[in-house]
Amino acid sequence: LATMTSMRGLTNFITDIRKCSSKELEHNRVLKELSNIRNKFQKGARLDAYSRKKYTWKLLYIYILGYDVDIGHVEAMQLITAKTYSEKKTVNRYVSNQEDLSLYLQRINRDTPYVPSCSTNVMNC
């Protein structure tokens, strides 16, 4: 929660969604945000860790709202190799379906071969 409150863009997005008076307005706001995130991710390596984390949280929120999220999976997985705990925690929260989980576990096993139970422990989160 502390992570989200320090991200003004995320807080503003959630506030905008909550202020929507109809499902259509919410849908339009989500599409606008997805377009913005897609454009940011297409720029590639220019994203700093803060931005990558913020956009990943936004995608997670959009997913929780029930919308399909077909972007950002690779960018979210890049947070696995981050240096800070908050970035790694973000990707833990993001993993939402079997494909993401598979990629995540492969990355963990590659990065930490000396801890055979590491990926098993992620499954229990």
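**Close-up views of salt bridges and aromatic pairs**

**View 1. Lys-23 and Glu-26 share helix 3.** Lys-23 and Glu-26 both lie in helix 3, 3 residues apart, which is about one turn of the helix. Helices (H or I, at least four residues) are DSSP runs, numbered from the N terminus. The two residues form a salt bridge, with the closest N and O atoms 3.0 Å apart. A salt bridge here is a side-chain nitrogen of Lys or Arg within 4 Å of a carboxyl oxygen of Asp or Glu. Lys-23 is exposed, at 56% relative accessible area. Glu-26 is buried, at 12%. Buried means under 20% relative accessible area, exposed over 50%, and partly exposed in between (1.4 Å probe, protein chains only).

The model is predicted: local features need pLDDT of at least 70, side-chain atom pairs count only at pLDDT 80 or more, and totals for chains, interfaces and linings use all residues. Residues are numbered from 1 along each chain as its sequence is written, and side-chain values use heavy atoms, leaving out hydrogens and water.

**View 2. Arg-29 meets Asp-16 in a salt bridge.** Their closest N and O atoms are 3.2 Å apart. Arg-29 lies in helix 3 (residues 23–42) and Asp-16 in helix 2 (residues 8–19), so this pair ties together parts 13 residues apart in sequence. Arg-29 is buried, at 18% relative accessibility. Asp-16 is partly exposed, at 31%. Both belong to a network of salt bridges that also links Glu-33 and Lys-58. The whole structure holds 5 salt bridges.

**View 3. Arg-38 reaches Asp-70.** This salt bridge spans 3.5 Å, N to O. Arg-38 sits in helix 3, and Asp-70 in the loop between helix 4 (49–64) and helix 5 (73–78), so the pair ties together parts 32 residues apart in sequence. Arg-38 is partly exposed, at 31% relative accessibility. Asp-70 is exposed, at 58%.

**View 4. Phe-13 and Tyr-61 pair edge-to-face.** The structure has 2 aromatic pairs. Rings of Phe, Tyr and Trp (its six-membered ring) pair if their centres lie within 6.5 Å; planes under 30 degrees apart count as stacked, over 60 as edge-to-face and the rest as tilted. For Phe-13 and Tyr-61, the centres are 6.1 Å apart, with 85° between the planes. Phe-13 is in helix 2 and Tyr-61 in helix 4, 48 residues apart. Phe-13 is buried, at 0% relative accessible area. Tyr-61 is buried too, at 17%.

**View 5. Phe-41 and Tyr-55 also pair edge-to-face.** Their centres lie 6.0 Å apart, with 90° between the planes. The pair links helix 3, which holds Phe-41, to helix 4, which holds Tyr-55, 14 residues apart. Both residues are buried.

Key: Helices (H or I, at least four residues) and strands (E, at least two) are DSSP runs, numbered from the N terminus.
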